[in-house]
Amino acid sequence: TFDESSLTPDIVLQKIQSAYMAGLKRCYKQYLNKDASARGKVTLSLTVNETGKTVQGKAKGFADEVDQCITGLMAGWRFPVPKDKDGEATEASFAITLQLVPD
């Protein structure tokens, strides 16, 4: 699910993988110390506002503490400014599911 804007789910996923994946893995690895066999999916729901800042970021679907750790990180995430079809800055919302497995 995403809003029509210049910021596509692919761009968002690329940015997460290139810039923010290390933080996600850190949250996950801390949890692996407690449960070495933990694996599964986490869904990231986020809205990128007119300045490219992440608002209403939320991770869910994995263990509570991993979800909370990732949610905390998302508050600092930035993306390219989403623009509507007229080239005006707009908001765009995304839901992206990632698979968490040990390296």
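A polar contact, as I use the term, is a pair of N or O atoms within 3.5 Å; within protein, one must be able to donate a hydrogen and the other to accept it, and residues adjacent in sequence count only if both atoms are side-chain atoms. Thr54 gives an example: its side chain reaches the backbone oxygen of Trp77 at 3.0 Å.

Some ground rules. This is a predicted model, where local features need pLDDT of at least 70 and side-chain atom pairs count only at pLDDT 80 or more, while totals for chains, interfaces and linings use all residues. Residues are numbered from 1 along each chain as its sequence is written, and side-chain values use heavy atoms, with hydrogens and water left out.

Back to Thr54. This residue is found in strand β2, residues 54–60; helices (H or I, at least four residues) and strands (E, at least two) are DSSP runs, numbered from the N terminus. Thr54 counts as buried because its relative accessibility is 5%; buried means under 20% relative accessible area, exposed over 50%, and partly exposed in between, with a 1.4 Å probe and protein chains only. Leaving aside residues up to four places away in sequence, Thr54 touches Leu46, Thr47, Met74, Ala75, Trp77, Arg78 and Phe79, where contact means heavy atoms within 4.5 Å.

Next, the disulfide, that is, a pair of cysteine sulfur atoms within 2.5 Å. The search of the whole structure finds one. Cys27 is joined to Cys69, with S to S at 2.0 Å. The two ends lie in distant parts of the chain, 42 residues apart: Cys27 in helix α1 (residues 9–32) and Cys69 in helix α2 (residues 64–74). About the S-S bond the angle is -75 degrees, a left-handed link.

Last, salt bridges: a side-chain nitrogen of Lys or Arg within 4 Å of a carboxyl oxygen of Asp or Glu. How many does the structure hold? Two.

One pairs Asp103 with Lys29, N to O 3.0 Å. Asp103 sits in the segment after β3 (92–100) and Lys29 in helix α1, 74 residues apart. Asp103 is exposed, at 74% relative accessible area, and Lys29 is partly exposed, at 41%.

The other pairs Glu65 with Lys34, N to O 2.7 Å. Glu65 belongs to helix α2 and Lys34 to the loop between α1 and β1 (40–48), 31 residues apart. Glu65 is partly exposed at 37% relative accessibility; Lys34, at 61%, is exposed.
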